Amino acid sequence: MTSVVSLDEWRSKAEFLSAQKSPSPQSINWPKIGLELTDLDPSTATAIGLYITLDRAWRQPFKVGSRFAREGSILVAIAATEGWITNAVEEDGWGDRWLITELGMEMKGELDNVLQEIFAEPTDTTS
């Protein structure tokens, strides 16, 4: 059965939705890593979020509807879209947990290297 929505009601809903801020890596509850979130530029925050998502899918696969998946929905969507995580368990079967893929393990390794470079202690070259 189809419901009818008035044009004014539709416009009101559309205005409300367009005024909402889209979720960003800055809105995610980050684990304590010794940095203030304000110290991170958006691309670094995204890299950290993706690394955490991939690491979690590898170490402790999380449920599709879990709090972790909901709060990090943008990052989970990115990882799934890129083929780094999946909930496919067979050729025609689906599970209720996100699992890391081989491609995801490769990306996790690359992100690990990038993040190590970003957070490496500066070397003292004055002595």
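## Close-up views of the helices, core and sheet

View 1. The model is predicted: local features need pLDDT of at least 70 and side-chain atom pairs count only at pLDDT 80 or more, whereas totals for chains, interfaces and linings use all residues. Residues are numbered from 1 along each chain as its sequence is written, and side-chain values use heavy atoms, leaving out hydrogens and water. Buried means under 20% relative accessible area, exposed over 50% and partly exposed in between (1.4 Å probe, protein chains only). Gly104, Met107, Lys108, Leu111 and Leu115 are the buried residues of α5. These residues lie on the same side of α5 because they cover an arc of only 105° around the axis (taken from the directions from the helix axis to the C-beta atoms). They pack against α2 and β3, contact being heavy atoms within 4.5 Å. The 17 residues of α5 should span 24 Å at 1.5 Å a residue, and the end C-alpha atoms, 25 Å apart, agree with this (the expected span is 1.5 Å times one less than the number of residues).

**View 2. The largest nonpolar core contains 18 residues.** Such a core joins buried Ala, Val, Leu, Ile, Met, Phe, Trp, Tyr and Cys residues through side-chain atoms within 4.5 Å. Leu54, Phe62, Trp84, Ile85 and Leu111 have the most contacts inside this core. Two or more residues come from each of α2 (42-59), α4 (73-81), β3 (93-100) and α5 (102-118); α2 gives the most, with 6 residues. Beyond four places in sequence, Leu54 touches Ala79, Trp84, Ile85, Ile100, Gly104, Met107, Lys108 and Leu111.

**View 3. Three strands form an open antiparallel sheet in the order β1-β3-β2.** Two strands pair if DSSP finds at least two bridges between them. β1 (62-63) and β2 (85-90) are the edge strands, each pairing on one side only. The antiparallel strands β2 and β3 are joined by 4 bridges, and Ile85 has Ile100 of β3 as its bridge partner. Across β1, β2 and β3 lies α2, running at about 120° to β3. Helix α4 also lies across β1, β2 and β3, at about 55° to β2 (angles run from 0 to 180 degrees between N-to-C directions of lines fitted to C-alpha atoms, for helices over the stretch in contact).

**View 4. Leu75, Val76 and Ala79 are the buried residues of α4.** Seen down the helix axis, they fall within an arc of 100°, so they line one face of α4. The elements that cover them include α2, β1, α3 (67-71), β2 and β3. Just after α4, Gly83 takes a positive phi of about 85°.

**View 5. Thr44 lies in helix α2.** Thr44 counts as buried because its relative accessibility is 9%. Residues up to four places away in sequence aside, Thr44 touches Ile118 and Phe119.

**View 6. The whole protein has 5 helices and 3 strands.** Helices (H or I, at least four residues) and strands (E, at least two) are DSSP runs, numbered from the N terminus. Along the sequence they follow the pattern α-α-β-α-α-β-β-α. Of the 127 residues in the protein, 27% are buried. Among contacts between residues at least 6 apart in sequence, 48% join residues at least 24 apart.
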